Amino acid sequence: MSPTRHRNRREAVRRWAPRGAVLAALGLAATGCASNEFTRLGVPEPITEQGQRVLALWQGSWVAAFAVGLLVWGLIVWSIIFHRKRSEQLPPQVRYNMPIEALYTVLPIVVIAVLFYFTARDQTYLLETDEQADANVEVVAFQWSWEFNYLDQSKAEAAEAAGGDEDAEPEILFSEVGTPDQMPTLVLREGDVVHFDLHSPDVIHSFWIPAFAFKMDVVPGHDNEFQVKVNEGTAGTYMGRCAELCGADHTRMLFQVEVMEPEEYDAWYAEQQEAAEAEQAEQAAAEEAGAEAGAEGGEPQGDAEAQGEGEQAGDSGAAGADEEAQGQEASEGGQDGDAAARDEESEDEEAGR
C-alpha cells in the first residue's frame, strides 16, 4: 500500500470516528437510567413496573436498530471512500466472497433470534398473574363506554374456591358505570398490585391505558386477564381509551385513571363501600315493602273477585229463570190457542149438519 493511500485511510477513519461515537452514545443513552421524552422515544412515562419492562424492550430494540444502521452506513461509507473509481482499469472480478456472504446470512438470523428471545421473555412476564393482588377490578367494555366492577377476588380465584366451577362469579363490592357523555373513572392506589378481568357483552374492544405501556383486547365469549403493579409516586390523572375499532362511536369510549395516595384511596374506598351497602339496604327494604303490600292486598282482592263471581252467577241464574218462565207462559198460551181453534171447528161442523 502506498504511503499516500495509507494516509488517506487514516484521515477517513479519523473523520468518521466522532460521528460513530455520537451514534453509540445515543444508543447508550436510550437504555440509561435517565427517563425523558427523548430517551423514551415516543413512549409515555410508565407508571407500572410492567410498563418499565416494556419501555426497556422498546429502547433495546432501538439500540439494535441503531447498531444495524451504523454497520450498514459504515460499510457504505467505507466502500465509497476506499473503493471509489481511481482509473479506467477494471477492478479484479470475483464470483463470490464466502466470508461476506456468511456474514450477511448469519448476522440477520442472530439479530432476529436475540430480539425474539427478549420479546418472548418480556411477554411471559407481562402476562403473569401469580402474584397476590391487592385490588381486583372487572373491566366490562360495551358499546359505547366502560363499567368498572370492584371485586372481592378475581374470577380465577372464585372458580378455584368453587371447586373448579368456571361459572362461579366473585362478589361485586361496588361499580362505576360510564356513558359516552360521561367518562367513568378507574381509581387505583399507589404501590398496589391490581388484577384486571376483561369482559365484553357485544363486540371486540381493547383496554388501553397509555401510561401502562400495555393494552389487551376485550373479546366476547373469552375473558382475558392481566395484572400490574402501580409504582410509588405516580399519583395523578391519566387517560384511557378503546384501541380497537368497535363501531360508530368508538372514539367516545374514553375513561380516566386516577391514581391516589394510600390514605386518600382508603378513604375513597370506604366511602364507596358504604354507599353501595346503603343502596343495597334501600333496595332490600323496597322489595320487602312491596312483598308485604302484595300479601296484605291479596285477600280482599280475592274476596271481591269471589263476590263478583257469585253476583255474576246469581244474575245469570235469575236471567235463566225468567227466560224459563217466559217460555212456559208462551207454551201455555200456545196450548190455549190450539184448544180454542178446535172448539170453533166443532161448532162449525154442528151448524153444517
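In strand β10, Glu258 is the bridge partner of Val187. Strand β10 covers residues 254-260, and five bridges tie it to β4, with the two strands running parallel. Strands here are DSSP runs of E with at least two residues, helices are runs of H or I with at least four, and both are numbered from the N terminus. Two strands count as paired if DSSP finds at least two bridges between them. This is a predicted model, so local features need pLDDT of at least 70 and side-chain atom pairs count only at pLDDT 80 or more, while totals for chains, interfaces and linings use all residues. Residues are numbered from 1 along each chain as its sequence is written, and side-chain values use heavy atoms, leaving out hydrogens and water.

Back to the sheet that holds β4 and β10: it is open, has five strands in the order β4-β10-β9-β6-β7, and its pairing is mixed. At its edges sit β4 (185-189) and β7 (214-218), each of which pairs on one side only. On average, neighbouring strands in this sheet are turned by 25° against each other, direction ignored. For angles like this one, axes are lines fitted to C-alpha atoms (for helices, over the stretch in contact), and the angle between N-to-C directions runs from 0 to 180 degrees.

Another open sheet is built from five strands in the order β3-β2-β1-β5-β8, again with mixed pairing. Its edge strands, β3 (172-177) and β8 (224-229), have a single partner strand each, so one side of each has no neighbour in the sheet. From one strand to the next, the twist averages 20°. Strand β2 (residues 145-151) pairs with β3 in the antiparallel sense, over five bridges. Asn149 stands opposite Ser175 in β3.

Now for the helices. The axes of α3 (residues 49-82) and α4 (residues 98-126) come within 10 Å and cross at roughly 175°. That angle makes α3 roughly antiparallel to α4; the labels go by angle, with under 35 degrees roughly parallel, over 145 roughly antiparallel, 65 to 115 roughly perpendicular and the rest oblique. The residues where α3 and α4 touch divide into eleven nonpolar, three polar and four charged.

A salt bridge means a side-chain nitrogen of Lys or Arg within 4 Å of a carboxyl oxygen of Asp or Glu. Arg53 is partly exposed, at 26% relative accessible area, whereas Asp122 is buried at 3%. Buried means under 20%, exposed over 50% and partly exposed in between, using a 1.4 Å probe and protein chains only.

The whole structure has ten salt bridges. One of them joins Glu45 to Arg40, where the closest N and O atoms are 2.9 Å apart. Glu45 is partly exposed at 36%, but Arg40 counts as buried at 13%. In the salt bridge between Asp249 and Arg252, the closest N and O atoms are 3.8 Å apart.

Notes. Ala, Val, Leu, Ile, Met, Phe, Trp, Tyr, Cys and Pro count as nonpolar, Asp, Glu, Lys and Arg as charged, and the others, Gly among them, as polar.
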